[in-house]
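Work through the following exercises with the model open. Try each task before reading its solution.

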Amino acid sequence: MITFGYDCPYCAKKDVAFTIRHIASNVADTGKYRGQTVHNVFATCNHCFSGITAMYILNNSDDYINGMPSANGLIAAVNDKLVHFFDDVFDKKLAWFPEPPISVAPQYLPVDVERKFLAGEKIYFQTKHDENLVEFAGTAYRSALEQALKYLDDNSDKNLNRRINHLVKTQVLVKSMGDFAHTIRSLGNEATHNEISADELDKLRLFTQLFLQYAFTLPAMISNKP
Ligand SMILES: [Zn+2]
């Protein structure tokens, strides 16, 4: 058994243990890796059992691993009851696919909007292994929108519905972006009442990202143009 820690792209658990289940070894007779030994490594998450894969390329098929020529040594380590740690078997890090999720906020957001959006992202990834958190992620995205609109509107009315309508009326937002903001608002409302599904949360997340890009990223990109 070969085991190692990785941030799971599926269940989003951080540094969860993965176990290597299979290694297919071939000496490449053509293409980019001609003459080298290509080991295709397949591992699964010990928490959600979803799989990731990577290539391990060795220049020389006679390289010794685990006391044996590479292919035999790797297969023996995979099937061994004894636990082998990754670094004891592989001499370099592997580029796993898929990669772990990373949250990147749209560029040029005001600090407080970014903070709220990233809070949503943090909870969003946790919802992958705990569905009870869906409503909290939804609430955080709605709150990022609410904060964002305060930068676009000096109207003191705190009601989000009226604020969006006012922004459309004063042509700060085009009608379609107003509709967009209303969709985020109503999905966010459903989230606060715990009535939002994981699919709807995905939609809410995407809409919030797009809205913030439209409201802050694009205008800043244009004004920063040399
Ligand atoms: Zn997992």
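**Exercise 1.** Find which residues of helix H1 (residues 70–79) are buried.

Solution. Step 1: apply the cut-offs, by which a residue is buried if 20 or more other C-beta atoms lie within 10 Å of its own, exposed if 12 or fewer, and partly exposed in between, with C-beta atoms placed from the backbone. Step 2: Ser 70, Leu 74, Ala 77 and Val 78 pass as buried in H1. Step 3: seen down the axis of H1, these buried residues fall within an arc of 100°, so they line one face of the helix. The arc is taken over the directions from the helix axis to the C-beta atoms. An α-helix has 3.6 residues a turn, so residues three or four places apart point the same way.

Residues are numbered from 1 along each chain as its sequence is written. The model is predicted: local features need pLDDT of at least 70, side-chain atom pairs count only at pLDDT 80 or more, and totals for chains, interfaces and linings use all residues. Helices (H or I, at least four residues) and strands (E, at least two) are DSSP runs, numbered from the N terminus.

**Exercise 2.** Describe how helix H3 (residues 111–126) packs with helix H4 (residues 134–152).

Solution. Step 1: the angle between H3 and H4 is about 165°, and their axes are 8 Å apart. Axes are lines fitted to C-alpha atoms, for helices over the stretch in contact, and angles run from 0 to 180 degrees between N-to-C directions. Step 2: the angle makes H3 roughly antiparallel to H4 (under 35 degrees is roughly parallel, over 145 roughly antiparallel, 65 to 115 roughly perpendicular, the rest oblique). Step 3: by class, the contact of H3 with H4 has eleven nonpolar, three polar and two charged residues. Ala, Val, Leu, Ile, Met, Phe, Trp, Tyr, Cys and Pro count as nonpolar, Asp, Glu, Lys and Arg as charged, and the others, Gly among them, as polar.

**Exercise 3.** Is Asp 15 buried or exposed?

Solution. Step 1: Asp 15 lies in the loop between strand E1 (2–6) and strand E2 (16–27). Step 2: Asp 15 has 10 C-beta neighbours inside 10 Å, so this residue counts as exposed.
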